[in-house]
Amino acid sequence: MWHDENNEIMKLYKILEEHDSYCPLPAVCPVCGSKSGHLYMQRYDGDHRGGSWVWCSNCHSYSHASCKVPEWWRNLSTISILKLEHSPDYLEAQTEQIDSFVNKLLAIHDDRLLKQKPCDWVCEKCGTLMIKKLPEDRAGTYSITCPNCGWGAVTTYTDPICMDKTRYSIILLEGNETSVEVVRAVNQVSHQNLVKTKELIVKAPQVIFEGNALETYGMKEILDAGFVDYRIEPDFPYV
């Protein structure tokens with residue numbers, strides 16, 4: 001079914017650095033031209049050793065290789081390393097979930113580069129190094145202006161987490177103590193009274209919150225501050 005003899009499919013790796021949209025996957029396959037191209041990586045250990053796969057669901061071209069996984073990459077928890085093999089059969093069955101997760105990782109990575117990389121644009125009018133200014137909040141005005149002559153451009157900036165409308169669930173795990181910190185945090189997230197909150201902790205695992213990415217991030221911060229053990233489903237890429 002799958003064929004690994006066409007090097008063209010490897011051009012899909014360019015998605016990691018060369019893409020201009022929030023949702024680059026599924027990508028246009030460089031072999032057959034259909035919008036059926038996918039990419040996934042799996043980190044194998046604490047270093048950056050791992051494996052990578054690119055494949056097309058339409059023409060069944062694929063490539064698999066050992067690689068150095070980028071620092072910003074995160075494994076998708078639903079992928080079992082024991083089921084991964086040279087061909088992408090196992091991955092193909094989960095393309096929708098993989099594409100969604102990888103798109104979020106790419107958007108977050110781009111956002112961090114935007115925030116961390118110093119401005120290296122030079123003013124076309126006077127040759128002065130320009131100044132980049134991002135909004136203090138998660139959305140607002142993003143400007144690049146020349147401090148000398150004022151020439152520049154203004155556009156709108158929106159944090160990727162604001163565009164992620166996935167419905168996430170926070171699941172309280174077993175083993176949490178009923179300490180003041182834990183009870184307070186779970187109470188804030190679950191919006192239950194103290195008696196019900198303690199019951200949730202004792203009877204865990206329990207879903208204590210459901211919401212979009214931005215709402216979930218706020219609840220995550222509360223639980224982290226209270227040292228609460230929990231997990232988020234589906235995988236939450238925002239740390």
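**Starting from the sheet**

Author: Strand β1 pairs with strand β2 (residues 49-56) in the antiparallel sense, over seven bridges. Here two strands count as paired if DSSP finds at least two bridges between them. Strands (E, at least two residues) and helices (H or I, at least four residues) are DSSP runs, numbered from the N terminus.

Before we go on, please keep in mind that this is a predicted model: local features need pLDDT of at least 70 and side-chain atom pairs count only at pLDDT 80 or more, while totals for chains, interfaces and linings use all residues. Residues are numbered from 1 along each chain as its sequence is written, and side-chain values use heavy atoms, with hydrogens and water left out.

Now to the sheet itself. Three strands make up an open sheet in the order β1-β2-β3, with antiparallel pairing. Strands of a sheet pair through backbone hydrogen bonds, either parallel or antiparallel. At the edges stand β1 (37-43) and β3 (62-68), and because each has a single partner strand, one side of each is left without a neighbour in the sheet. From one strand to the next, the twist averages 15°.

The loop between β2 and β3 holds His60. The phi of His60 is near 65°, a positive value in a residue other than glycine. Most residues other than glycine have a negative phi, and most peptide bonds are trans. His60 is partly exposed, at a relative accessible area of 21%. For these words, buried means under 20% relative accessible area, exposed means over 50%, and partly exposed is in between (1.4 Å probe, protein chains only). In the segment before β1 you will find Pro26, and the peptide bond from Leu25 to Pro26 is cis, with omega near 0°.

Next, look at what lies over the strands. Helix α2 lies across β1 and β2, running at about 75° to β1. Axes are lines fitted to C-alpha atoms, for helices over the stretch in contact (heavy atoms within 4.5 Å), and angles run from 0 to 180 degrees between N-to-C directions.

In one of them, the side chains of Lys115 and Asp159 meet at 3.5 Å, N to O. This pair links distant parts of the chain, 44 residues apart: Lys115 belongs to α2 (residues 95-116), and Asp159 sits in the loop between β6 (152-158) and α3 (160-163). Lys115 is partly exposed, with a relative accessible area of 43%, whereas Asp159 is buried, at 8%.

Another salt bridge joins the side chains of Lys220 and Asp224 (3.0 Å, N to O). These two residues lie in helix α6 (residues 213-225), four residues apart, about one turn of the helix. At 16% relative accessibility, Lys220 counts as buried, and Asp224, at 35%, counts as partly exposed. Elsewhere, salt bridges that share partners join Asp111, Lys115, Arg138 and Asp159 into one network.

Let us finish with helix α5 (residues 194-202), whose buried residues are Thr197, Leu200 and Ile201. These three cover an arc of only 100° around the axis, which puts them on the same side of α5; the arc is that of the directions from the helix axis to the C-beta atoms. The cover over the buried residues of α5 includes β7 (168-172), α4 (180-190) and β8 (206-211). On the face turned away from the buried side of α5 are the exposed residues Val195 and Val202. Asn193 caps the N-terminal end of α5, with a side-chain oxygen 3.1 Å from the backbone nitrogen of Val195. That is a polar contact: a pair of N or O atoms within 3.5 Å, where within protein one must be able to donate a hydrogen and the other to accept it, and residues adjacent in sequence count only if both atoms are side-chain atoms.

Terms used. Salt bridge = Lys/Arg side-chain N within 4 Å of Asp/Glu carboxyl O.
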